[in-house]
Each structure stands twice: as structure tokens, then as C-alpha cells.
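Dear colleague,

Please find the structure below, followed by a summary of what was found in it.

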Amino acid sequence: RADAMKLVKLAERRPLSPDEQQRLMMLLLKARQACDALALCDAGHPEANRCPKLDELEALVSEICAQGASKILIFSEWTSMLDFAKARLEKLGIGCGYLHGGVPTERRPALLARFREDPDQRVLLSTDAGGVGLNLQVASYVIHLDLPWNPGKLDQRNGRAHRVGQTHGVSVTYLVAEDGIERGIEGTLASKRALRGAALDAGSDVDEVEARGFNVFLAELRDLLEEDASRVDDTTEPTVAANPEPAPEPEPAPEPAAERAAVAPEDVSARATADTDAATSTAEPSVAALAPAESSAVAQQARSVSRARDRLRLSRVVLDAGFHDDAVRAAYDAIAAAIAARTEAGVASGHAQLVAAIYRELLPNARLPSAAAASLARLRDLALLRDEGVGVPEALARGAVEEAEEWVARLDGESNCQA
């Protein structure tokens, strides 16, 4: 952290070179690994075998296993940390599977099937290879050994247990080092959660969308690296929980005390009035152009146009923040609002109603290109993938946002010309 701080101070005076930026990222990575286990940074240290997180993990897993036949998912970004955890659990006689990027694709179905069906295999250790696209409703406990920079990863991991078909409450536990960089990382997620909630809530009113510059990141990084213990007040909830509290169903989001997770350096923020609980919604994506208070059709259409622009800006911001699924959903809302602005009332209460208006009044009267309707259908399909446990790849999400940007700009421009 001291070496990283030197580079942060240097960056405040002049731009860092590519090598210096790479070294800063490497130092931040090592600072995170130091919160997991000393052995990840200095395997030859006399006390390298000491690891408070693994001690806590042993106690936690032993307690869960003693209570019944519950299955447990354990996540870490680093296979070395999972190797340490596997050795500890095997020493206790607790059976566990191990999924990581090096496991061949053809072997994964059998590995996961055994975790689901074998009563002697209580634990599945996984990197983020198991964080996307898997349905593991058999698990009742999720344990995170570390906090990733991107909070979207936490949601994806928790979502493996919070799938359709889950019949039990799911407890989520975050093991966070009392000292070190993780306490700073833990406090950086609130604005992203609000942003994500605004992106998902089609009825939210966004006051401001702000992309943070590198100078803001440096200032936050300085706070994150400082070793001032007073910055953690007495009201902070415990960072290491031996007895996880059940997370409310069916929300896959972390419990409130742990909801403050890591963000990538390219962080963004938005001030919004939307309730962040909207981020956990699994309902069909809504059409952003909701019924406004204005009575005139012209005012309603204007509101739909404004909504399209707001949703479009949010789609780009949440995309850059790493929430690819939510970016697609916001992009769908944007193009839906732009199309709804062309209907007679300028409003639609849902996808089916909007499609009916398209085929009833827009396409027959050549008021909408057929390709726009096709784009709307495509983005809706992509927005629904998450409900089936399928994550949208970044490249596909970026293409969807760009597609929505093109159509909103084109439809808005054509409307202005007609006016």
C-alpha cells in the first residue's frame, strides 16, 4: 500500500506512464491478496501458514455442516486461495468440488452434477468461472473469501444460488479483513447500487449522471490506501461473520452490511431518486415510457423522448460500470421509449402494448422503419436472458447499447425534422 501511495501521489503531479499504471494496478492486486493470505504475497515468510480468513472459514463451514445437509458455494478470485481452502476442508474431512477456468468444459457437467446430487460433497469451491450461467439452487450458503473490484461479479456469484427453483433461504457471507485495503474497497459501492437501481427502474427520475474522472479516482484511492484506522467508525457492522444472516428471498443482492463491495477504477456514479431494490427485479423489462401526468398527447410524446434520452445515458454508464445485463435492459427501455414517442398517445404500458401500437399505427403508416421494430425485439430478448441464468457478454451488451444509441438519435432526429 505504501508503494501504491507513492504512485498515487506521483499521479497527482503528472500523468503516469503505461509502466507506472501497470505497476499501480499490480500493487493494488497484491494489497488485496494480502487481505486474503500472507502466503499469496510471501510464501517464504515464517508465518505464511497463518490465515485468519481460512480459520474463520473452517469454523463457519464446520458449523454449517453440523447443522444439516446444506450445500455451500465458496468463491475467490484466486485459485491459490481456493487451493488453501480446499486443503483446510479436506483436513476436516469435508468433501468439496473445485471449479475454475482450467477445468475442461466437457468435465464441468459431471462436476456440477456431483455437487448437486452427492450428499457427501457439501462444498463447491469456485472462481468466477462458476459465477456466470450456472444454476446451483441446491446451495443454501454462499461465502465470498474476497471482494472483487467489480461489484457485478458479486451479484453474478450470488445469483447462482438465487435461481428459479430455489426453495430455501440463501445466506451470503463476506469475509473481509479488518485491516488493509478491503475496508476501503468495502465502502465504494453505494453510488453504483443507486445507479443500477435507476437503470432498472423505468419510472425513476435521474437528476444527474456523472462519469468520474481519473482525478476523482485518485482522491478515492488515496483514502482507500491510507492506514488511518479512525476512518472506520464504531457503527460499522462486523466484517467477519461466523453466523451469516439469511438473505431475504428472492433478492440476489448482498445483505445491507456487505452490499458495499469493490468497484473498478473506471468507476461512475449517478444521483437518482430510484430505490436501489429495483436492481434485484427479475420481471420482464418494462417499457420506459410510462403514463405521464400531462394530459395532452404532445406532452406525453415529449416525455417519452426525454425518457429515451435518460435511459440511453444510463445504459452507457452502467455498461462502463460493468453491469452488462442491466445496460442491455436500460438500452431496451431507451429504444422502447423512442418508439413509444411516435405513437398517437406517446405512451405504452408494456412490451405487448407497444408491439400492438407498432403494427396498428406505425408500420402501416410508414411512421417507423421495420428495422427499428426488429431492434426492439432483439434487445428485449437480450434483456430477458438474465432471468434464465444467462449473462450477456460485454461485447454483445456494448453492441446493444450502440444499437439503441443509433435508433434513439435517428428517431429523435426524424421527429425534429417532421416538427
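In what follows, a residue is called buried under 20% relative accessible area, exposed over 50%, and partly exposed in between (1.4 Å probe, protein chains only). This is a predicted model, in which local features need pLDDT of at least 70 and side-chain atom pairs count only at pLDDT 80 or more, while totals for chains, interfaces and linings use all residues. Residues are numbered from 1 along each chain as its sequence is written, and side-chain values use heavy atoms, with hydrogens and water left out.

A search of the whole structure gives 20 salt bridges, each defined as a side-chain nitrogen of Lys or Arg within 4 Å of a carboxyl oxygen of Asp or Glu. One of them joins Glu58 to Arg88, with the closest N and O atoms 2.7 Å apart. Glu58 belongs to helix α3 (residues 52-67) and Arg88 to helix α4 (residues 79-91), so the pair ties together parts that are 30 residues apart in sequence. Helices are DSSP runs (H or I, at least four residues), numbered from the N terminus. Glu58 is partly exposed, at 22% relative accessibility, whereas Arg88 is buried, at 17%.

Asp3 and Lys6 form a further salt bridge (3.9 Å, N to O). They are 3 residues apart in helix α1 (residues 2-11), a separation of about one helical turn. Together with Arg23, Asp3 and Lys6 make up a network of salt bridges. Asp3 is partly exposed at 36% relative accessibility, and Lys6 is exposed at 59%.

Yours sincerely

Technical notes: Helix = DSSP H or I, 4+ residues; strand = E, 2+ residues; numbered from the N terminus.
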